[in-house]
Structures are given as structure tokens and as C-alpha cells.
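Please find below a colleague's note for someone meeting this structure for the first time. The points are numbered and may be read beside the sequence and the model.

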Amino acid sequence: MYSQGLIGADSETEESEEFLAAFQARIDREEKIEPNDPMPQGYRKTLVRQIGQHAHSEIVGMLPEGNWITRAPTLRRKIALLAKVQDEGGHGLYLYCAAETLGVSREQMTEELLSGKAKYSSIFNYPTPSWADIGAIGWLVDGAAIMNQVPLCRCSFGPYARAMVRVCKEESFHQRQGYELMMTLTEGTDAQREMAQDALNRWWWPSLMMFGPHDSESSNSDQSMLWKIKRFSNDELRQKFVDATVPQAERIGLTVPDPDLKWNPEKNDGEGGYDFGAIDWDEFWRVVKGGGPMNRDRIAARTKAWEDGAWVREAALAHAEKRKQRMQAAKVAAE
Amino acid sequence: MSKQPASTPLWEVFIRPRNGLNHKHVGSLHAADGDLALQAARDVYTRRGEGNSIWVVLSKEIIASDPDLSEENFDPSSDKIYRHPSFYEIPDDIGHM
């Protein structure tokens, strides 16, 4: 569910002009690139990093919401949240598989996540202290992810595009359940309304950061657009998200925490759009680099899951090997 | 971090959406053996009525054509237009044939 503008890609490549031009021509013809096709090193590296970050984001993204499964207020909310968190796990798996087609192993990706070498979406380094945070995540975080992911369904790399089609199909349930949850709170008591507003206050700006740095600061964006990995720039997607989300907040009586937010009829080629205030990029970089409130908890939880699961993985492999040998022995005996 | 003795094998997953259609490749997953691969495929790829039958195949057992040979493999079929019905002229008054 949660892709973020790619953090720190290295799209340098060393092939001949001729090779690169032929590759670009294929991309320009809207041909999809499949795993065994020749491709520039930079294209491969960019995708491994982007799909890896995306997969890690899905998996780490299970943690802030998983925090509330046992405390969901009703059975209806609990089964919905369980299904959503299970979907996130599934999305992570689709994406790891897409990355593996490029020659990186699952073990390697897991190690890079746990060692901190690989990044994941900064949004998951914020805590979920109240039930309304579950609504805010579904509505805003999944909403921002959908803006990012719908164009990725047309990404030039086939396995990534196909994984995104599956992900996007499942994603809109997530956003709707989040918005419905927020709406229910705003129709409740004063304390519930305040809880909803407080969640919006805390999640609004981190959600805008999910689209990544401004276009002017995002040097590898241009190459990604040329290779049609990306179809829209970070700022274009962020603007779309703001324009779509502000009326949704107003509809349920919540206030977007931005004093500079203003309708501008000139924006979007005269169709109108919202001007919004400055994003705190120092906070963004601090959180990406490990200084968010929950970075250490998230990685500790993933490390524990990986280590606690080691004996299961080993036992399953040993069992599979033993069964294989028994079957072979039985076959030999029968001959 | 605990050491992995060997990596868990990769399987390709095929699902038949309903009777009357082909099994279609949907993705891949890691599992120690076929039984576990089927269970994981059910959980990962059929959460919303995507199908009624699953095949799993070890990825390393798949023999694939070489993309470098795709021209010599597949281009010849495009210049054999006589393999297509539109190559043949039939009088209009014959109707649909």
C-alpha cells in the first residue's frame, strides 16, 4: 500500500549510447520490460531499490496498525483491521517477488531492512497512540499511497506493474474503511470528535511527506520519468492528494491543520486547486535517517520476528528434505 | 541475526479463476515444500475469490526460452500472412465464412 518517493536512488549506468538509445526507444514505444530482457544497470538498480523500499514499507506498515487489532472497539472493526493488515503482508510479498525477478534474493533484502541499509516509508516511524490513528492511516496514508500507486500500474517494468494492479484493487477497501472510521468518530461524542481531529493533526503533514522531496530537490526523478518507472512527479502527486483530501475532511467536519491552506482558482491550469503551507523537510530527513519516534521499535520488531521465525524456516526445510529422501527410498524399494 | 542454513525455494503460482478458464500465472512465493507452497499461495493470492484451483511449480524447474533468441523464434510468424483468414479473397455474397 505504501510507496513513497524513492529515497536516494543511484541511476548511474555504464552502457554504450547505442544500447541506451535502443532501450529508451522500447520504453518510448510503451513496451513493457520483462525480467530477462536486456536493461541498463541503472534501470535495474533503481527498480531493485524502489521495489525493495516499497515492499519493506508494506511489511513495516503492518506494525502501527497491528498495534490496535486486539483493542478494536467492535468485532466489525476488528475483522476489517485484521483483513487490512493481512493485505499489507500480501502486498509486501507480491513486491518482494517482483524485486526478486531482478536478481536480488529475499534474504538479502531482509538483511538490508534489518541492518538499516534499505529504507522504508518514513510514515511508519510515527506512533499510533489512539484508535482514531487507525482511521487516519486508512484514509490519509492509504489515500496517499493510492495516488502514488495507481500510476505505477503503468510502470515500464512488467512484474512491478502487475504487482501494483493487484495491490491497487485491494487498496480502495483500506481507504474507505479508514474514512468510515473517522466519519463515525466525528458523528460521536465531543471526545471522539477531538480524537479524530487530533489524529488528522498528527498525520496530515507526514502524509504529505510520503510523496517525497520537492521536484527541484529530487535529482533522480527525471531519469525515473524518462524510463517510465514514474509517470508523475512528486509535487504533481502531492497536489492531487491535497485537492482530493481537503473536501473529504470538510465533509466530516474536520479541519486540515494548515493555516496557509487556501483555494486557488488559477491552479491546475485554471481548474482550481489548493495552495498549501511549507513542509518541514528537516523533520522528513530526520525521520528517514532513523530519528523518528518509532524507528528503533519498528526495526526491533522486524528483527525479533525474523529471529523468532528462524527455527520454523529451518524445521520446514529439514522436514521437506526428509520427506523427499523417504519418497526416493520408497521408489527405489519398489523398483 | 540467525544464520539461514539454505534459502527457502521459490515457487511460481498459477490460478484458475473459474472452471472453463486456463490456470494463469499470478506471481511467486517462497516455501519449503509443495504443501506449504499451496497453503501460502491460498493465503497470498486468493483472498478475494480469485480462483478455484491452484498450481505451484518450483521456479528452478521452469525451462524458459532465451529472450536473445526471441527474434529467430517469433518473428518468422509475422511474415506468414497466409496463415490468417484475411489472406484469402472470398466473394462478398458468400456471407460469413
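This is a predicted model: local features need pLDDT of at least 70, side-chain atom pairs count only at pLDDT 80 or more; totals for chains, interfaces and linings use all residues.

1. D308(A) is partly exposed, with a relative accessible area of 42%, where buried means under 20% relative accessible area, exposed over 50%, and partly exposed in between, taken with a 1.4 Å probe and protein chains only. The side chain of D308(A) meets that of K304(A) in a salt bridge, with 2.7 Å from N to O, a salt bridge being a side-chain nitrogen of Lys or Arg within 4 Å of a carboxyl oxygen of Asp or Glu. K304(A), for its part, is exposed, at a relative accessible area of 52%. Because K304(A) and D308(A) are four residues apart in helix α12 (residues 295–308) of chain A, about one helical turn separates them. Helices (H or I, at least four residues) and strands (E, at least two) are DSSP runs, numbered from the N terminus.

2. Residues are numbered from 1 along each chain as its sequence is written, chains are lettered from A and ligands numbered from 1 in the order in which they are written, and side-chain values use heavy atoms, with hydrogens and water left out.

3. How many salt bridges are there over all chains? The count comes to 29, and side chains of opposite charge can pair when their charged atoms come close. A pair that joins two chains is R323(A) with D33(B), at 4.0 Å from N to O; R323(A) lies in helix α13 (residues 310–334) of chain A, and D33(B) in the loop between β2 (24–30) and α1 (34–45) of chain B. R323(A) is partly exposed, at 33% relative accessible area, whereas D33(B) is buried, at 9%. Elsewhere, salt bridges that share partners join R26(A), R29(A), E31(A) and D37(A) into one network.

4. The cysteines deserve a separate remark, since the structure holds zero disulfides over all chains, a disulfide being a pair of cysteine sulfur atoms within 2.5 Å. For C155(A), the nearest cysteine sulfur is that of C153(A), at 9.7 Å, and C155(A) counts as buried, with 0% relative accessibility. C168(A) is likewise in no disulfide, although the sulfur of C153(A), the nearest one, is 3.6 Å away; C168(A) counts as buried at 18% relative accessibility.

5. Which residues have the most contacts inside the largest nonpolar core? In this core of 52 residues they are W139(A), L140(A), M182(A), W203(A), W204(A) and L254(A), a nonpolar core being a set of buried Ala, Val, Leu, Ile, Met, Phe, Trp, Tyr and Cys residues joined through side-chain atoms within 4.5 Å. The elements that give two or more residues to this core include α4 (75–100), α7 (158–186) and α8 (190–209) of chain A, and α6(A) gives the most, with nine residues. Residues up to four places away in sequence aside, L254(A) touches, among others, W139(A), M182(A), L200(A) and A249(A), contact meaning heavy atoms within 4.5 Å.

6. A second, separate core of 39 residues includes I27(A) and A98(A) as well as A41(B) and V56(B). A98(A) is placed in helix α4 of chain A and is buried, with a relative accessible area of 4%. Apart from neighbours within four places in sequence, A98(A) is in contact with I51(A), F157(A), P159(A) and Y160(A). The C-alpha atoms of A98(A) and A161(A) are separated by 9.1 Å, with the two residues 63 apart along the chain.

7. One loop position may also be checked: S130(A) lies between α5 and α6 of chain A and counts as buried, at 12% relative accessibility. Beyond its neighbours within four places in sequence, S130(A) is in contact with W68(A), M195(A) and R202(A).
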